[in-house]
Amino acid sequence: MTATTSAPKSIQPFLTDVKELRRRARQHLETGNITDTYRGDVDQAIEILQNVLATEIVCVLRYTMHAIAATGIASEGVKDEFAEHAREEQEHMMMVAERINQLGGKPNFDPEGLASRSASQYAPGENLVDMIKENYIAERIAVDHYRELIRYFAEKDPTTRVMLEGILSTEEEHANDMHDLLVAHEGKPMLPSE
Ligand SMILES: [Fe+2]
Ligand SMILES: [Fe+2]
């Protein structure tokens, strides 16, 4: 086997040279973190993320309410699970709000219209099994929604995409947790497996 000893000399290691990157960074300082290389439509990105923010806020509220209101002998472990999910949804909420801010928007925490901006619903649930079902449904909506948004942001805005990919993997775990709780408490999954 012969080892290659010399690398081709003419290949430029970076796509844009350092001088050009520095020049661009000094230009248009008023645009904040959004530089000329941002490929997406910033206003549209902010608008989409406002809906994501509303979805996460509704998830925080729903899980928090369930963590407190769940009753019955079987509810102890479930309450802990709801509380843990509420904390994780709050982390998502913060990440999305920070990203809106980085993009130059003002994160919309206005309770007015919150439910209609959100993809998932605030469903109180009549009993423990109902609560688990509602959370399972909400997680499935979130998973579908985030998969779609990841495809939308793609290469246009890799930072937002990577953030959403991280959130998506947690939502998949949440959906799985709710599915397992449903099987444990109802003996069967609510929805046929796909
Ligand atoms: Fe979330
Ligand atoms: Fe979730």
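In this predicted model, Glu155 and Arg161 join their side chains in a salt bridge with an N to O distance of 3.1 Å, where a salt bridge is a side-chain nitrogen of Lys or Arg within 4 Å of a carboxyl oxygen of Asp or Glu. Glu155 is exposed, at 52% relative accessibility, whereas Arg161 is buried, with a relative accessible area of 16%; buried means under 20% relative accessible area, exposed over 50%, and partly exposed in between, with a 1.4 Å probe and protein chains only.

Arg161 also forms a salt bridge with Glu165, at 3.2 Å from N to O. These two residues, Arg161 and Glu165, are four residues apart in helix H6, so about one helical turn separates them. Helices are DSSP runs of H or I with at least four residues, numbered from the N terminus. Glu165 is partly exposed, with 35% relative accessibility. Together, Glu155, Arg161 and Glu165 make up a network of salt bridges.

The structure holds five salt bridges, and another of them pairs Asp157 with Arg99 at 3.1 Å, N to O. Asp157 sits in the loop between helix H5 (128-153) and helix H6 (158-186), and Arg99 in helix H3 (residues 75-102), so this pair ties together parts that are 58 residues apart in sequence. Asp157 and Arg99 are both buried.

Local features need pLDDT of at least 70, side-chain atom pairs count only at pLDDT 80 or more, and totals for chains, interfaces and linings use all residues, while side-chain values use heavy atoms, leaving out hydrogens and water.

How values were computed: Residues are numbered from 1 along each chain as its sequence is written. Chains are lettered from A and ligands numbered from 1 in the order in which they are written.
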